[in-house]
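Welcome! Please take a moment to look over the model below before reading on.

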Amino acid sequence: MESVEQIAELHRRHGIPGIAQVIAGHGGLPKVSVAVPDATGEMYLLGGHVTSWRPAGLEEVLFVSAATRWQEGRAIRGGIPICFPWFGNKADDPKAPAHGFVRAVPWKLESISQAGGSVAVSMFTESDANTNKWWSADFRLALRATFGRELRLELEMANTGNAGLQFEEALHTYFRVADVEKVRICGLDSVRYLDKTDAFREKAQHGDLAIGKETDSVYLNTRHAVELQDPGLRRRIQVSKENSLSTVVWNPWVEKAKAMSDFGDEEWKQMVCVETANVGQFAATLAPGSKHVLKAAIQVTSL
Ligand code: BG6
């Protein structure tokens, strides 16, 4: 982990007075903390992980568990974990870490820049001997998060090797909600999905989605924006996207929540994940030397 001196050096190199600071966050982990007139936000180097976004005058949009461990080697429970290069369990290796290996390792801070009312933070991670133990491909993966009136996320994957490759990816976004049983997720009517709570059976969504039980659904061939309506917080959260054909909706509900050591027993009520992804049959393929950029934009309006 970065020492206090290394964090101070990152701040000297990348900080913008009054706008962006690199400081020690929870567990002494380095984070970038940004504040512009339109929003505040936070992004940890661990996992290239956005943990907070608060548009001016509004409440926090992202959920982070109070039971998060905040240590290298473990993913932060909440915010926006990056799943890569596989989603869920690795098909041919049950011992490989769930959701891939980039969410639990420190990324590198590339740049912080200000444009208009927004500030963009870019971090990246690359293949090395450790990643090659799990996955032989050579790559560079970067996340650029732009904090402003909207939160823009661009996950850029570059194939830096000599062979074509295939990968899965997800912006596993945890949204903070007042009461998950009262929210509605709109924009998935008639879309087919794989129900992971029912042996991956393929089903069709009818109307808006309400969460009344454990939910773990991978919606197929989704190109359009999804809207999360939260009457308790009187807001709509719109997630629009580009280059993403999967949307995953997840809430662990009562038993799974109890079984997770880094998640409070009651916290399932205050969160729902709506994930912008390319998984399963929509895994992305990349020729050597080429890039793939998955984009999401999150906006909040009143309900
Ligand atoms: C979701 C998956 O995206 O993430 C679920 O669809 C999984 O199956 C959940 O349980 C949380 O995963 P993890 O590895 O962060 O506990």
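What follows is a short tour of the ligand site and of the cavities.

Keep in mind that this is a predicted model. Let us begin with the ligand.

The ligand sits in the largest pocket. Which residues surround the ligand? They are Arg77, Phe87, Ala98, His99, Arg103, His172, Lys196, Asp216, Val248, Trp250 and Glu275. Sorted by class, this shell comprises 5 charged, 4 nonpolar and 2 polar residues.

| Residue | Distance from a polar side-chain atom to a ligand oxygen atom |
|---|---|
| Histidine 172 | 2.8 Å |
| Lysine 196 | 3.1 Å |
| Glutamate 275 | 2.8 Å |

How much of the ligand does the protein bury? On its own the ligand would expose 390 Å², and the protein buries 83% of that area.

The structure contains 2 cavities of 30 Å³ or more, and the largest cavity has a volume of about 50 Å³. Its lining is made up of His224, Ala225, Val226, Val239, Lys241, Thr247, Val274, Glu275 and Thr276. By class, that lining has 4 nonpolar, 3 polar and 2 charged residues.

Which strands each supply at least two residues of this lining? Strand S19 (235-242) and strand S21 (271-278) do, and S21 gives the most, with 3 residues.

Notes
Residues numbered from 1 in each chain as written. Predicted model: local features only at pLDDT ≥ 70, side-chain atom pairs only at ≥ 80, totals over all residues. Heavy atoms only, no water. Near = heavy atom within 4 Å. Polar contact = N/O pair within 3.5 Å; in protein donor to acceptor, adjacent residues only side chain to side chain. Areas by Shrake-Rupley, 256 points an atom, 1.4 Å probe, with all protein chains shown as cover. 1 Å grid on protein atoms, 1.4 Å probe; cavity = no way out; pocket = protein on both sides within 12 Å on 5 of 7 lines; lining within 4 Å. Sits in = over half its atoms within 2 Å of the grid points. Nonpolar A, V, L, I, M, F, W, Y, C, P; charged D, E, K, R; others polar. Points joined across faces, edges and corners; volume = space filled by probe spheres on them. Helix = DSSP H or I, 4+ residues; strand = E, 2+ residues; numbered from the N terminus.
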